[in-house]
Amino acid sequence: MAADRRARALREGRRALKARPFGRSGPAPQGDLKARLTAAARAGGAGALRVCSAEADAPTRERFGAALERGDLATWPYDRAYAERAASPATLLPNARSIVCVALPYATQPPNARAPLRGRVSNYAWSADYHTIMRALLEAIAAILDDAAGEPATRIVCDTAPIAERAFAQRAGLGWVGKHTNVIVPRLGSYVFLGEVVTTVALDADAPLRTSCGSCARCVTACPTGALRGDYTIDATRCISDLTQRRDAIPVALRPLMGDWVWGCDLCQDACPPTQRAGRVGASAFRAPAGSAVFPDLQRLLASSTRALARELRGTALAWRGGTVVRRNAAVALGNSLDRAAVPALAAALAGDRAALVRGHSAWALGRIGSPSALCALSAAAGEERSYDVRSEIARALEPFGRMATLGSAEVDG
Ligand code: SF4
Ligand code: SF4
């Protein structure tokens, strides 16, 4: 009986027409199975659904290998074995035949109000964790496929297992990978979360798009750190988004280029014409919450305990690396404000934060501001600090000011 149901489902799947991103003109998709998958995706908030074969993706192996050799991923725990698994859906689900790829748009309008000494958070991290919404919609798709197969026939992937989701999204024609290395979905832009259902059901594959970035390079120009090479590759060790997520010290040369970003960075996507044309089409669930989630108060973040930050940021992307990383990022952003009003908060962090990482970056920030009271705080801390790393940061921060710094602050900031 189950075999009959599965055979019927497979026949349905083969009859199913090429799925189209929602809203494209032309005849509606035919075929019950694909139409049901599309309807389920739409009901779950997805903006597009496409299907590709689950054959291993050889170009992913090559690209990943080249990135590893260049050191682009040096700050992440990836290796060739990871690349191999990510390129081979069969490692997730034996006998995998197809992958259903969905795009969930999330760009929403940020509040207009900006105040001094505020940081910036990337759009993807504004609101509650997207995984809940994505998981629910992938489960709905998987249930249809399991039902059609008459047996468990799916594995959902929502940031939970290695899969080269951008490569498979491109293969499925969901979009194309732009020079900023994000998938650009027609009419939705690149502010999309990707999710996949790997299945043993053989569905008709959709065709890849015949689109590319052409001669456009706006994202490359917009990137302040030179992370984008313009050849569709990225040096992730220079990307602000990655810098805000690493757990160790941020390279000194890159700190001034991070601006006010506390978590993530949207500059290349904001500069991207197809993404601009798409507008802020994210679901209401991704609307910016009230309060300061988009432009957080940097001094308050820096002064918050790890426990308080865990409570405040629970359920958001910012909670992922813990409060120490968030305070470190706040210190860098305060330094980049060049605002003397930030000195008391930075001086307090240098003198009293429990984490050497935060004290060290606060020292850097005080040196970047370089006001008399900032130098005074640095000089005072130099005699007290026990951590070698922080003492080094203090010494480096004071270095450009030479003897003036050792005299302390005879002047008053103003
Ligand atoms: S996210 Fe920011 S730093 Fe990273 S590549 Fe884009 S513009 Fe550059
Ligand atoms: S800004 Fe231009 S080059 Fe960069 S991803 Fe967008 S379309 Fe492609």
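Mentor: Let us start with a term: two residues are in contact if their C-beta atoms, placed from the backbone, lie within 7 Å. Keep in mind that this is a predicted model.

Trainee: Which residues does Leu334 touch, not counting residues up to four places away in sequence?
Mentor: Leu117, Leu298, Leu302, Ala342, Ala345, Leu346 and Ala365. Each of these contacts meets the 7 Å limit, because that is how a contact is defined.

Trainee: What makes the set around Leu334 a nonpolar core?
Mentor: A nonpolar core consists of buried residues of listed types, Leu among them, joined through C-beta atoms within 7 Å. The largest such core has 126 residues, and Leu334 is named with Ile141, Leu346 and Leu366 as having the most contacts inside it. Helix H5 (residues 131-149) gives the largest share, ten residues. At least three residues come from each of domain 1 (2-199) and domain 2 (297-414).

Trainee: Why is strand S2 (residues 98-105) called largely enclosed?
Mentor: A residue is buried if 20 or more other C-beta atoms lie within 10 Å of its own. Eight of the eight residues of S2 are buried, so the rest of the structure largely encloses this strand. On one side these are Ser98, Val100, Val102 and Leu104, and on the other Ile99, Cys101, Ala103 and Pro105.

Trainee: How do you know that S2 pairs with strand S1 (residues 48-53)?
Mentor: Pairing needs at least two bridges. S1 and S2 have six and run antiparallel, so they count as paired. Leu49 stands opposite Val102 there.

Trainee: And what joins S2 to strand S7 (residues 192-199)?
Mentor: Eight bridges, again antiparallel, with Gly195 of S7 as the partner of Val102.

Definitions and conventions:
Residues are numbered from 1 along each chain as its sequence is written. Chains are lettered from A and ligands numbered from 1 in the order in which they are written. This is a predicted model: local features need pLDDT of at least 70, side-chain atom pairs count only at pLDDT 80 or more; totals for chains, interfaces and linings use all residues. A residue is buried if 20 or more other C-beta atoms lie within 10 Å of its own, exposed if 12 or fewer, and partly exposed in between; C-beta atoms are placed from the backbone. Helices (H or I, at least four residues) and strands (E, at least two) are DSSP runs, numbered from the N terminus. Domain bounds come from an automatic or database domain assignment.
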